[in-house]
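This briefing concerns the structure shown below.

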2 protein chains.
Amino acid sequence: MKKNGIKLLSILFVVTIAFWGVGCQEQKEAPKPEEKAAAPEKMVKWKLAMTWSSTLTPLASPPLKLAKVLEEMSGGKFTIRVEGSEKHKAALGILDMVKGGQYEIGHSASYYWKGKDMAMVFFTSVPFGMTAAEQYAWFYYGGGMELMDEAYDKYGVISLPGGNTGVQMGGWFKKEINSLADLEGLKMRIPGLAGEVFAKLGVNVTNIPPGELYTSLDRGTIDALEWVGPAMDIKMGFHKIAPYYYTGWHEPASEMQFLINQEAYDALTPEFKAMLDTAIKAVTAEMYTENFAGSVDAWAQMKTEFPDIKVKTFPKPVLKAMKAAADETYDGYAAQDPMFKKVLDSQRSYMEKARVWTVISEYNYVKTSIEMDE
Amino acid sequence: MKKNGIKLLSILFVVTIAFWGVGCQEQKEAPKPEEKAAAPEKMVKWKLAMTWSSTLTPLASPPLKLAKVLEEMSGGKFTIRVEGSEKHKAALGILDMVKGGQYEIGHSASYYWKGKDMAMVFFTSVPFGMTAAEQYAWFYYGGGMELMDEAYDKYGVISLPGGNTGVQMGGWFKKEINSLADLEGLKMRIPGLAGEVFAKLGVNVTNIPPGELYTSLDRGTIDALEWVGPAMDIKMGFHKIAPYYYTGWHEPASEMQFLINQEAYDALTPEFKAMLDTAIKAVTAEMYTENFAGSVDAWAQMKTEFPDIKVKTFPKPVLKAMKAAADETYDGYAAQDPMFKKVLDSQRSYMEKARVWTVISEYNYVKTSIEMDE
């Protein structure tokens, strides 16, 4: 998923979400029993705005599931009406709308707020950053949650992990990249920090509305583009016209976030707080699996239908230059922005320690399985 | 974690779990309001038996957290008293006790029931099997949950994923393994299917109570042993006396299970069912992160204090022989047991498809990070 929200609006099907009633932002009291009974339970009706359209799964899945399980757990007393970008028309306005209280809760990704606050990029994913397991360990055991709290506190907003895409692919290229020279003047659609890195290496970085991407790539207006991964790329059809599919480097574990208005949260009963926190953890974990399984199936289908697709990894000198350009970019922001430096230092230090264990454990296991087949 | 439950009893601290009251297996009605109010809520008090002792985190963490969040979400109306193996003294009796209704819920690992039902091993982890991401995708999108339902249905028990250890290490060895000849006559503590595989390769597989393992290894009664991974191994001290730490092959993603008595589940209100299901998903996801982060820290500490520890991967000819022995073992069971064959076929087929995506995505990303540092 890219920082350019326009692409997220690309699939605009208005979904009638039948099981919610008319929304209401205030809390209402249930009819009072005439005699003392169980403590009277307040009805809570929230609205949730998400960056994605209502049908853009797996990104839209965590909020849709959250609403469903909260309604079930509370017996209909805590409901959330989920609005996709096709409804609120403000894909990149989620933080502002939750801060302002128009929506009690939102679902988006922190790196969309880099215009306000560059350090926010680290709570989603950065080029050459942590894997999903490393990043969750950093959030919960390496100081990451405390840093995210600090970053969001000034907005009066609570931010919680909201689902992870895993490693995103490096994109579709019409020609193979064999050296740094092949990047010079290459016209590529790649937004965000990755675009900044590629621009340093001579790539002509452009932005093109999602609806025009296929035609632009087909006609040679651009030579390459990056999107997400097989589960979401397959619908776009790029594999039919650009046969080189490069492995990922720029978004190794993009984490979404649920954003909650602090005052709305504080007004919840302890029971509803616990339901919300728990349900968010459950639906967050499920997104990774949904996207992983979707990519497994989509990749198998693509490869069967288009056997000429070639999976490539950038050559080592290209990767080293990309890594150097990324570090230069980070150090540039860190020099101007103390919070950016603080989060960068924390991630670098945790990642150095965690990557050792990643390599010893799962990486070596998979390596073994490959080598046995050789 | 191994199939031999005795080791799980090794750390036997009786914990007074202060926040639960006296347990009760039946459901009780709350005092009835005199006038019609909110639907009267039944109080539910369950007991949970787990294979682990109460302090054996991260294995004991999911049930302990489950009890905590259920109490919070229900405002104290749905409570679970968690009993560790130090209390019920039946670490490997969890399935029977949940089936019989002595406990409404349990926490264990399916491969402990391989004596009853060999196919159960696949719901935990098998040698050369799936990674955690692959296995969760198989459970939820590849038919795994349906097969687990089928396997547990005859016991009147619902089984749900209950936390994953990720890749377990191949064990501690006093001498380096350079060839198959080095395995001949090697005395090793390694239980379960992995022990069957090693026995086929000439290893003298033994079992030794956990409390005696350190001494046995130190005195040369055994030459090697396997345990879990850094987070749990560090407490045992093996790294001080056996410098070769082999990477994993035999339990790539051990999944725990919550077992629930079907009748007890059916008696819950829809709200409590939803709370239980949701909380189980949340605490299940958290265990992987807890164990991962624990291993990151434990490994950093071990390596600092004992810089002579050498991480090794078995040589390719040894791994190929282990893989052939594992396949022979599986095919042997499959020939006798239709359910074993059914689950084996399902896992083999899903894994073949899923591993391709694992390699393209996270494996290649980590490979890139290693090669850039070369």
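**Fold, interface and core**

Among contacts in chain A between residues at least 6 apart in sequence, 77% join residues at least 24 apart. The model is predicted.

**Chain A**
- Chain A contains 12 helices and 12 strands.
- Of its 374 residues, 52% count as buried.

**Contact between chains A and B**
- On the chain B side, 66 residues are in contact with 67 residues of chain A.
- Two or more residues are given to this side of chain B by each of helix H1 (61-73), helix H4 (132-141), helix H10 (270-305), helix H11 (316-336) and helix H12 (338-372) of chain B.
- The most is given by H12(B), with 19 residues.
- By class, the side of chain B that touches chain A comprises 37 nonpolar, 15 polar and 14 charged residues.

**Largest nonpolar core**
- In soluble globular proteins, nonpolar side chains tend to be buried together.
- The largest nonpolar core has 225 residues, and those touching the most other members are Leu70(A), Leu225(A), Ala279(A), Leu70(B), Leu225(B) and Ala279(B).
- At least three residues of this core come from each of domain 1 (5-30 + 42-165 + 252-295) and domain 2 (168-250 + 307-337) of chain B.
- Leaving aside residues up to four places away in sequence, Leu225(B) touches Gly171(B), Trp172(B), Met188(B), Arg189(B), Ile190(B), Leu213(B), Leu217(B) and Phe238(B).

Notes. Residues are numbered from 1 along each chain as its sequence is written. Chains are lettered from A and ligands numbered from 1 in the order in which they are written. This is a predicted model: local features need pLDDT of at least 70, side-chain atom pairs count only at pLDDT 80 or more; totals for chains, interfaces and linings use all residues. Two residues are in contact if their C-beta atoms, placed from the backbone, lie within 7 Å. Helices (H or I, at least four residues) and strands (E, at least two) are DSSP runs, numbered from the N terminus. Ala, Val, Leu, Ile, Met, Phe, Trp, Tyr, Cys and Pro count as nonpolar, Asp, Glu, Lys and Arg as charged, and the others, Gly among them, as polar. A nonpolar core is a set of buried Ala, Val, Leu, Ile, Met, Phe, Trp, Tyr and Cys residues joined through C-beta atoms within 7 Å. A residue is buried if 20 or more other C-beta atoms lie within 10 Å of its own, exposed if 12 or fewer, and partly exposed in between; C-beta atoms are placed from the backbone. Domain bounds come from an automatic or database domain assignment.
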